[in-house]
Amino acid sequence: MTAIQINGVVKTYRGKVHALRGVSLEVMDGEIFGLLGPNGAGKSTLVKILMTVIHASQCSGTMLGKPIGHCQTLADVGYLPEHHKFPYYLTGKQVLHHYGSLSNLPRKSRHTRATSLLARLGLCGWENKKVSSYSKGMLQRLGIAQALMNDPKLLVLDEPTDGIDPVGRREIRDLLAELKEEGKAVFLNSHLLSELEIICDRVAIMVKGLVRMQGTVESLTMASRRYEIESKEPLPSWAAETAAEVRDTTMILHGDDPAIVQPILDRLRSENITVVSVKPVRENLEDLFMRAVDHTDNPGAIQ
């Protein structure tokens, strides 16, 4: 079942500013989906449309099986905005009680869930301290906790690890993996490409209001997979005929099947050429990102 399915979402602001130019994507139940793109790509605009913070100029699709904008459906969605603010005079526990009451949670359930989430997000000992004393990273943790107060089926997180140290990011990755195992869908907007590559099942790359790429990192990088064979001595003349590319003492073979490497290794060894290394190589998420961005200025760069 799809948690989010949208087609041709358009948002045009006054002055004919085209924030979204026909965005289509699909997020499945029980998966972590990463949305990435440069500043101004329209990521936060799309998230705000899904959460009815702003209205689309044109939108077709569903969220949790209901049309985008269906008010009752939002009760099953947890949301962390990019620049969230909490009343500075409230304690961490009071903040969660407040958001729990907005979700119509009974008082007893609010207390139990707030206590559990504060512990789960590493805020034990801070529950009764005012949020004015919280660091930026602690406020992010509290923000994720409030997004989970209503035990949502879909979690929409806009830059959830912003301001959090590497240890905290690891803990949040583990938490998101646990939520996925519980069957929840997570829609994640972040500029931290390495984080998305580790945790996401699928990603979409947005540039200037359009989705340029969408799929698993594995499928998106399939065409770039290759083996690089490095030798100690100069390569023989037949290497240029066998390999896709030769760079000094390195042969490059396209594909991800290890069987294509074995005959070449055997031939090199038979000619007493020392093989220094054999490396499987593929693009990473940063490479995909840069390729998508380059395509904007150079149409045809993406094959």
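**Entry 1**

I took the helix and strand labels as DSSP runs numbered from the N terminus, helices being H or I of at least four residues and strands E of at least two.

I then turned to Lys 16, which lies in the loop between β1 (2–13) and β2 (17–28). Its phi is near 60°, a positive value in a residue other than glycine, and at 70% relative accessibility Lys 16 counts as exposed.

**Entry 2: what kind of model this is**

I noted that this is a predicted model, in which local features need pLDDT of at least 70 and side-chain atom pairs count only at pLDDT 80 or more, while totals for chains, interfaces and linings use all residues. Residues are numbered from 1 along each chain as its sequence is written, and side-chain values use heavy atoms, with hydrogens and water left out.

**Entry 3: the chain as a whole**

I recorded ten helices and 14 strands for the protein chain, whose C-alpha trace spans about 80 × 50 × 35 Å along its principal axes. Of the 303 residues in the protein chain, 46% are buried. I also looked at contacts, meaning heavy atoms within 4.5 Å: among those between residues at least 6 apart in sequence, 68% join residues at least 24 apart.

**Entry 4: the nonpolar cores**

I looked for nonpolar cores, each a set of buried Ala, Val, Leu, Ile, Met, Phe, Trp, Tyr and Cys residues joined through side-chain atoms within 4.5 Å. The largest has 45 residues, and those with the most contacts inside it are Leu 36, Leu 142, Leu 155, Leu 157, Leu 176, Leu 188 and Ile 205. Helix α4 (residues 136–147) gives the largest share of this core, five residues. Apart from this core lies another, of 28 residues, among them Leu 20, Ala 41, Leu 46 and Leu 154.

**Entry 5: helix α1**

I found that seven of the eight residues of helix α1 (residues 43–50) are buried, so this helix is largely enclosed by the rest of the structure. The buried ones are Lys 43, Ser 44, Thr 45, Leu 46, Val 47, Ile 49 and Leu 50. Just after α1, Thr 52 takes a positive phi of about 60°.

**Entry 6: α2 against α3**

I looked up how helix α2 (residues 92–102) meets helix α3 (residues 107–120), and they pack at an angle of about 130° with their axes 9 Å apart; the axes are lines fitted to C-alpha atoms, for helices over the stretch in contact, and angles run from 0 to 180 degrees between N-to-C directions. The two helices are therefore oblique to each other, since angles under 35 degrees count as roughly parallel, over 145 as roughly antiparallel, 65 to 115 as roughly perpendicular and the rest as oblique.

The contact is made by Lys 93, Leu 96, His 97, Gly 100 and Ser 101 of α2 and by Arg 107, Arg 110, His 111, Ala 114, Thr 115 and Leu 118 of α3.

**Entry 7: α2 against α4, and Gln 146**

I compared this with α2 and α4, which pack at an angle of about 30° with their axes 9 Å apart and are therefore roughly parallel to each other. Their contact is made by Gly 92, Val 95, Leu 96 and Tyr 99 of α2 and Leu 142, Ala 145 and Gln 146 of α4.

Gln 146, which has its place in helix α4, counts as buried at 10% relative accessibility. Leaving aside neighbours within four places in sequence, Gln 146 is in contact with Tyr 79, Leu 80, Pro 81, Phe 86, Leu 96 and Tyr 99.

**Entry 8: Leu 265**

I ended with Leu 265 in helix α9 (residues 262–270), which is buried, with a relative accessible area of 6%. Not counting residues up to four places away in sequence, Leu 265 touches Ile 229, Val 275 and Val 278. The C-alpha atoms of Leu 265 and Val 278, 13 residues apart along the chain, are separated by 9.2 Å.

Terms used:
Buried means under 20% relative accessible area, exposed over 50%, partly exposed in between (1.4 Å probe, protein chains only).
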